[in-house]
Amino acid sequence: WDCLDASSWPFSVAEILDNFRLMQQEAVACQWGMSNANCMTRSHAWVWSPPTTTGIQKGVRSAWINTDVSLSAFLRWINNGVPEEAEYWKGWLNLNADGTHWFADNVTSKWTDGDLCRFMKGLRTPRLLNAGSGPLVPQYLGCGKKKIPVVNTDALAQVYWHLYDGLGLVPPVFPSQCLLEQLSSCFPQHYFHLVHA
């Protein structure tokens, strides 16, 4: 892949991989029961985009993909992880949507097993990031009488947006699109008091 980046080929490896990721996400974003091929043919015309995955640089220590091993892992995630995660959530949302516009609080409030409130005590303006939120996004963390707003983000957020539309779901907040490895690019560093992943 370093040969490709050093050549006169007009696209970098990062650009090719990120567009492949975006195409894969588009292919799996249709409702349950529709094949990926049918989903792609009914979607809008594909538009090549600049890479958002800036952490792909061979041999650069600060890049999160900088070796052949990490590149292979990223490709496995695009090929296998993205479709498997999308299929799981398609099935879950399809089976559990009850005709209302969103799920009851007792469903969306079960996003953490630990007591996150203890980390928020004494903070005047607590900020909490829920990284890898999935589609069942909590609007807040209940800490006694206090409701702490939650910022939700997921690498497949755009897939979830399509799934919401297909089922007529309207979450109280939408997750933002961000790869876990890119959190420091998506949000200001040291902004959140707590990151839940």
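Colleague: Which residue stands opposite Thr153 in strand 4?
Modeller: Ser176 does. The model is predicted, so local features need pLDDT of at least 70 and side-chain atom pairs 80 or more, while totals for chains, interfaces and linings use all residues. Residues are numbered from 1 along each chain as its sequence is written, and side-chain values use heavy atoms, without hydrogens or water.

Colleague: What makes strand 3 and strand 4 a pair?
Modeller: Two strands pair if DSSP finds at least two bridges between them. Strand 3 and strand 4 (residues 176-177) have two bridges, in the parallel sense. Strands here are DSSP runs of E, at least two residues, and helices are runs of H or I, at least four, both numbered from the N terminus.

Colleague: Where is Gln177, and how exposed does it count?
Modeller: Gln177 lies in strand 4. Its relative accessibility is 22%, so Gln177 counts as partly exposed. The cut-offs are under 20% relative accessible area for buried, over 50% for exposed, and partly exposed in between (1.4 Å probe, protein chains only).

Colleague: In which sense do strand 1 and strand 3 pair?
Modeller: Strand 1 (residues 128-131) and strand 3 (residues 146-154) pair in the parallel sense, over four bridges. In that pairing Ala131 stands opposite Thr153.

Colleague: How many bridges join strand 2 to strand 3, and in which sense do they run?
Modeller: Four bridges join them, and the strands run antiparallel. Gly142 has Lys147 as its bridge partner in strand 3. Leu141 stands opposite Ile148. Strand 2 and strand 3 form a hairpin with two residues between them. In the turn, Gly144 has a positive phi of about 65°.

Colleague: Which residues of strand 2 form its covered face?
Modeller: Leu141 and Cys143 do. Tyr140 and Gly142 make up the uncovered face.

Colleague: How many disulfides does a search of the whole structure find?
Modeller: It finds two.

Colleague: Why is the link of Cys117 and Cys143 called a disulfide?
Modeller: A disulfide is a pair of cysteine sulfur atoms within 2.5 Å. For Cys117 and Cys143 the S to S distance is 2.1 Å, so the pair qualifies. It links distant parts of the chain: Cys117 is in helix 6 (residues 117-120), and Cys143 is in strand 2 (residues 140-143), 26 residues apart. Cys117 and Cys143 are both buried. With -90° about the S-S bond, their link is left-handed.

Colleague: Why is the disulfide of Cys178 and Cys186 given its hand?
Modeller: The torsion about its S-S bond is about 95°, so it is right-handed. Its S to S distance is 2.1 Å.

Colleague: Buried or exposed: where do Cys178 and Cys186 fall?
Modeller: Cys178 has a relative accessible area of 5%, so it is buried. Cys186 has 36%, so it is partly exposed.

Colleague: What stands out in the phi of His190?
Modeller: The phi of His190 is positive, about 65°, although His190 is not a glycine. His190 lies in the loop between helix 8 (183-186) and strand 5 (194-196). Its relative accessible area is 79%, so His190 is exposed.

Colleague: How do you know that the span of helix 2 agrees with its length?
Modeller: The expected span is 1.5 Å times one less than the number of residues. Helix 2 (residues 13-27) has 15 residues, so it should span 21 Å. Its end C-alpha atoms are 21 Å apart, which agrees.

Colleague: What makes helix 2 mostly covered?
Modeller: Eleven of its 15 residues are buried. Among them are Val13, Leu17, Arg21 and Ala27.

Colleague: Why is helix 2 called roughly parallel to helix 4?
Modeller: Helix 2 and helix 4 pack at an angle of about 15°, with their axes 9 Å apart. That makes helix 2 roughly parallel to helix 4. Angles under 35 degrees count as roughly parallel, over 145 as roughly antiparallel, 65 to 115 as roughly perpendicular and the rest as oblique. Axes are lines fitted to C-alpha atoms, for helices over the stretch in contact, and angles run from 0 to 180 degrees between N-to-C directions.

Colleague: What is the relation of helix 4 to helix 7?
Modeller: The axes of helix 4 (residues 68-96) and helix 7 (residues 157-167) come within 11 Å and cross at roughly 25°. These two helices are therefore roughly parallel to each other.

Colleague: Which hand has each crossing?
Modeller: The crossing of helix 2 and helix 4 is left-handed. The crossing of helix 4 and helix 7 is right-handed. Left-handed means the near helix is turned anticlockwise from the far one by less than a right angle, and right-handed means clockwise.
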